Amino acid sequence: MARMKKILVAYEGSTQSKEALDWAINLSLMSEALVIAVKVVEPLEIGQAYAMYEAGYGKTLIEKLTNREEADKKLLQDAIDFGRQKGVTVTTDLLQGNIAATLLEYAKDKRVDIIVAGTKGHGVLGSLLMGSVTRNLVSLAHIPVLVVKD
């Protein structure tokens, strides 16, 4: 088995993604791999913003977009800070697109060795209820995917 060099974490600030980040950091401590925390903003959110603008809510839209961008930057900075506390450098990226497809394309482009994603654990029935993003990552990835249950 080849040594891990890059670990991609699907990160959006939920309890589950924070657990996934913690696992990725611990894997990095064992392998010295680079940890990359990525947040993906879906086009649906962008479409909703455009609809608000067209409906005459331009000022409100600008405020929402500004607040969203600031929240995303803070979220990613929190991931960097969490890694720093554990002695691991975490790099981040903010992307737009379908979450699973964008993460898979990013992983391919960056030659990532493993993807770490969080999901809620619901027992035996949980595998049927696993989030669609995580399920798509597991189904479509050509590299290992570590699913972290909270």
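At what angle do helix 4 and helix 6 pack, and how far apart are their axes? I looked this up after noting what kind of model this is.

**Entry 1: the model.** I am reading a predicted model, in which local features need pLDDT of at least 70, side-chain atom pairs count only at pLDDT 80 or more, and totals for chains, interfaces and linings use all residues. Residues are numbered from 1 along each chain as its sequence is written, and side-chain values use heavy atoms, with hydrogens and water left out.

**Entry 2: the chain.** I count 6 helices and 5 strands in the chain. Helices (H or I, at least four residues) and strands (E, at least two) are DSSP runs, numbered from the N terminus. Along the sequence I read the pattern β-α-β-α-α-β-α-β-α-α-β. Of the 150 residues in the chain, 37% are buried; buried means under 20% relative accessible area, exposed over 50%, and partly exposed in between (1.4 Å probe, protein chains only). The chain exposes about 9200 Å², and carbon and sulfur atoms supply 56% of that area. Accessible areas come from the Shrake-Rupley method with a 1.4 Å probe; for residues, only the protein chains shown count as cover. I also looked at contacts, meaning heavy atoms within 4.5 Å. Among contacts between residues at least 6 apart in sequence, 76% join residues at least 24 apart.

**Entry 3: helix 4 and helix 6.** Back to the opening question. Helix 4 (residues 99-109) and helix 6 (residues 132-140) pack at about 40 degrees, and their axes are 9 Å apart. The axes are lines fitted to C-alpha atoms, for helices over the stretch in contact, and angles run from 0 to 180 degrees between N-to-C directions. Helix 4 and helix 6 are therefore oblique to each other, since angles under 35 degrees count as roughly parallel, over 145 as roughly antiparallel, 65 to 115 as roughly perpendicular and the rest as oblique. I note the crossing of helix 4 and helix 6 as right-handed. On the helix 4 side, I99, A100, L103 and L104 make the contact; on the helix 6 side, V133, N136, L137 and L140 do.

**Entry 4: L103.** Not counting residues up to four places away in sequence, L103 touches L8, A10, V38, V40 and L137. I also looked up L103 and A141, which are 38 residues apart along the chain; their C-alpha atoms are separated by 9.5 Å.

**Entry 5: V9.** V9 lies in strand 1 (residues 6-10) and is buried, with a relative accessible area of 0%. Leaving out residues up to four places away in sequence, I list its contacts as S17, A20, L21, A24, V35, I36, A37, V38 and V116. V9 and V38 are 29 residues apart in sequence and 6.1 Å apart in space, C-alpha to C-alpha.

**Entry 6: positive phi.** E32 is not a glycine, yet its phi is positive, near 65 degrees. I place E32 in the loop between helix 1 (15-31) and strand 2 (34-41); E32 is exposed, with a relative accessible area of 66%. R111, also not a glycine, has a positive phi of about 55 degrees. R111 is in the loop between helix 4 and strand 4 (114-119) and is exposed, with a relative accessible area of 71%.

How values were computed. Left-handed = near helix turned anticlockwise from the far one by under 90°.
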